[in-house]
Amino acid sequence: MNYQVLARKWRPQNFQEVVGQEHVLSALSNALDQNRLHHAYLFAGTRGVGKTTLGRIFAKCLNCETNGVSSKPCGTCSTCQEINQGRYVDLMEIDAASRTKVEDTRDLLDNVQYAPARGRYKVYLIDEVHMLSKHSFNALLKTLEEPPGHVKFILATTDPQKLPITVLSRCLQFNLKNLNPTRISAYLKQLLTHEQVIAEDDALWQLAVSAKGSMRDALSLTDQAIAFSNGNLTTVSVRDMLGAIDHSVLVPLLSALIHNQPKAVLESVEQLSDFSPDYRAVLGDVLALLHQLTLAQLLGKDWESEHPDKEALLALAADVTAEKLQLLYQLGLIGVRDLDKSPDARVGFEMALLRMLAFVPATASQAQPMSEVLEKKP
């Protein structure tokens, strides 16, 4: 039997299996259970957050033979099974990116008037709908506003701003959110336990961060990591696969910046150069750590984080002023902006760090660390 990639094998089959998107799931579930169904839905969000998956589950909810129209399709009837396998006759999945012409849209609309072949509803799932031409949108408008009672439209797009306002006004719009690394990491851990694959928590965290909010990207990277590491996802193997730097180098770098130690800063940069890194990405990682430090400083022991260097960051947060953290962050942003203008990426990166050391106002350097302020509180 052919191997099935994780992104397909673990595609959610009902609303309960969807990770995140509670605001969308709640609205759709209530509409289905109360039979308050709109004729057109628009799912907007970046790649891999569940737009097409939600469309398929919604089609099952509408046409399930066992449970009828409800938010909990049985998953076992012939309709649910055929939708899972992508061969249900009354679910038309259309790739708008490859069918942009008005003739394609007219051919599609010619069949709208006919009753479903098997189910209660005929569902048109149009992916990347923003790719349709202006004439195609015009041809679609009237049908989209007043379709026959047996037709439901589900539109999916990664760029809703390209849709005409006339289309947006005819749909219920749901904006799907990017998933945070903590949630992705927890899901990957649960999934790999079922797959009987050994994985270190820090390795999963790196995969979750690299996915940039997309669950599908996270699963694809996990597939790649399993092959790369021969089924043993260690921190080192995942870092090597991603071409990422060892983040244990960044904490000493940040400590040297906070404690005004130019020599230690340059030594850390020399260590980083062994990885041949993308210096823009490294500077971004430094900014992300400054953000984590600020949260750790404000929340203290109440700070909840899956970051592997949490204890080290808490110690640093107690040893620096809030003003200095804000200054370092602002100077880092300027460094990112100017990096393209630098004659060499490493030179630009080093100068951004040296600027952080040079431009520390006396008020910031003389202010008491947060740990001393907290000690004086009654």
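First, the ground rules. This is a predicted model, where local features need pLDDT of at least 70, side-chain atom pairs count only at pLDDT 80 or more, and totals for chains, interfaces and linings use all residues. Residues are numbered from 1 along each chain as its sequence is written, and side-chain values use heavy atoms, with hydrogens and water left out.

Now the overall picture. The protein has 19 helices and seven strands; these are DSSP runs numbered from the N terminus, helices being H or I of at least four residues and strands E of at least two. Of its 378 residues, 46% count as buried. Along the principal axes, the C-alpha atoms fill a box of roughly 75 × 50 × 45 Å.

Next, the sheet. In what order do the five strands of the open sheet stand? The order is β2-β3-β4-β1-β5, and the pairing is parallel; two strands pair if DSSP finds at least two bridges between them. The edges are β2 (91–95) and β5, each with a single partner strand, so one side of each has no neighbour in the sheet. From one strand to the next, the twist averages 15°; axes are lines fitted to C-alpha atoms, for helices over the stretch in contact, and angles run from 0 to 180 degrees between N-to-C directions. Between β2 and β3 there are five bridges, and Leu 91 has Val 123 in β3 as its bridge partner. Helix α3 (residues 51–63) lies across β1, β2, β3 and β4, and runs at about 180° to β3.

Back to the rings. A search of the whole structure gives five aromatic pairs. Rings of Phe, Tyr and Trp (its six-membered ring) pair if their centres lie within 6.5 Å; planes under 30 degrees apart are stacked, over 60 edge-to-face, and the rest tilted. Why is the pair of Phe 43 and Phe 174 called tilted? Their planes are at 50°, with the centres 6.0 Å apart, so the pair is tilted. Phe 43 sits in strand β1 (residues 40–44) and Phe 174 in strand β5 (residues 172–175), so this pair ties together parts 131 residues apart in sequence. Phe 43 and Phe 174 are buried. For Tyr 124 and Phe 153, the centres are 5.4 Å apart and the planes at 25°, so that pair is stacked. Tyr 124 belongs to strand β3 (residues 122–127) and Phe 153 to strand β4 (residues 151–157), so here the parts tied together are 29 residues apart in sequence. One aromatic cluster is formed by Tyr 41, Phe 43, Phe 58 and Phe 174.

On a 1 Å grid over the protein atoms alone, a cavity is a set of points where a 1.4 Å probe fits but cannot get out; lining residues have an atom within 4 Å of a point. Grid points are joined across faces, edges and corners, and a volume is the space filled by probe spheres set on the points. The count is one cavity of 30 Å³ or more. The largest cavity has a volume of about 80 Å³, and its lining includes Ile 94, Arg 99, Asp 104 and Ile 126. Which helix gives the most to that lining? Helix α5 (residues 102–110) does, with three residues.

Definitions and conventions. Buried means under 20% relative accessible area, exposed over 50%, partly exposed in between (1.4 Å probe, protein chains only). Contact means heavy atoms within 4.5 Å. On a 1 Å grid over the protein atoms alone, a cavity is a set of points where a 1.4 Å probe fits but cannot get out, and a pocket is an open set with protein on both sides within 12 Å along at least five of seven lines; lining residues have an atom within 4 Å of a point.
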